[in-house]
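Please look over the sequence and the structure shown here before reading the notes that follow.

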Amino acid sequence: MVHFTCDLCGKDLSAPGEGRYVVKIEAYPGFDPTEIKEDDLDDDPMEAVAQILQRDEAALLSEDLSEPLHKGFRFDLCPSCHRKFLKDPLGKDAIRSFDFSKN
Ligand SMILES: [Zn+2]
């Protein structure tokens, strides 16, 4: 039997009747418009953009194992942690309260 615990509070989620929520987060480099150089715009601007997008895709596909460009996270959450996550997916409240406690 697969054993699940909440990744936030550690609650046992394998008991029957316990709700379990899965959160998946993906992080990867976005397209940076500042990469468009004036030289690129000399001929066909649309083609230049297409070339840059291709370059971006190639960068995503080339996997450097020491520092993966594309990173996925998967978390199992209990119903109450899931609710908290939906309210504040990036944990901004937690970061803010941490800053206050330093004063
Ligand atoms: Zn929890």
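Predicted model: local features only at pLDDT ≥ 70, side-chain atom pairs only at ≥ 80, totals over all residues.

Is Val 22 buried, partly exposed or exposed? With a relative accessible area of 41%, Val 22 is partly exposed, because that value falls between the cut-offs of 20% and 50%.

**The chain as a whole**
- The protein chain contains three helices and two strands.
- Their order along the sequence gives the pattern β-α-β-α-α.
- The protein chain has 103 residues, and 13% of them are buried.

**The zinc site**
- Four cysteines coordinate the zinc ion through their SG atoms: Cys 6, Cys 9, Cys 78 and Cys 81.
- The distances from these atoms to the zinc ion run from 2.2 to 2.3 Å.
- Along the sequence, the donor residues follow the spacing C-x2-C-x68-C-x2-C.
- Cys 6 and Cys 78 link distant parts of the chain, as they are 72 residues apart.
- Cys 6 belongs to the segment before strand E1 (21-27), while Cys 78 sits in the loop between strand E2 (71-77) and helix H2 (79-87).
- The arrangement around the zinc ion is tetrahedral because the four donor atoms subtend angles of 103 to 117 degrees.
- For comparison, the ideal angle for four tetrahedral donors is 109.5 degrees.
- Cys 6 counts as buried because its relative accessibility is 3%, under the cut-off of 20%.
- Cys 78 is also buried, with a relative accessible area of 1%.

- Val 22, the partly exposed residue from the opening question, lies in strand E1.
- The C-alpha atoms of Val 22 and Phe 75 are 5.7 Å apart, although 53 residues separate the two along the chain.
- Asp 76 is part of strand E2.
- Asp 76 counts as buried because its relative accessibility is 8%.
- The side chain of Asp 76 makes a polar contact with the side chain of Arg 20, at 3.0 Å.

**The largest pocket**
- The volume of the largest pocket is about 190 Å³.
- Which residues line the largest pocket? The lining consists of Asp 7, Leu 8, Val 23, Ile 25, Phe 75, Leu 77, Lys 84, Phe 85, Asp 88, Pro 89 and Gly 91.
- Strands E1 and E2 and helix H2 each contribute at least two residues to this lining.
- By type, the lining residues are seven nonpolar, one polar and three charged.

Notes: Residues numbered from 1 in each chain as written. Heavy atoms only, no water. Donors = N, O, S within 2.8 Å, 3.2 Å for Na, K, Ca; no water. Tetrahedral: all angles 85-135°; square planar, octahedral: opposite > 155°, others 65-115°. Helix = DSSP H or I, 4+ residues; strand = E, 2+ residues; numbered from the N terminus. Buried < 20%, exposed > 50% of the residue type's maximum accessible area, 1.4 Å probe, protein only. 1 Å grid on protein atoms, 1.4 Å probe; cavity = no way out; pocket = protein on both sides within 12 Å on 5 of 7 lines; lining within 4 Å. Points joined across faces, edges and corners; volume = space filled by probe spheres on them. Nonpolar A, V, L, I, M, F, W, Y, C, P; charged D, E, K, R; others polar. Polar contact = N/O pair within 3.5 Å; in protein donor to acceptor, adjacent residues only side chain to side chain.
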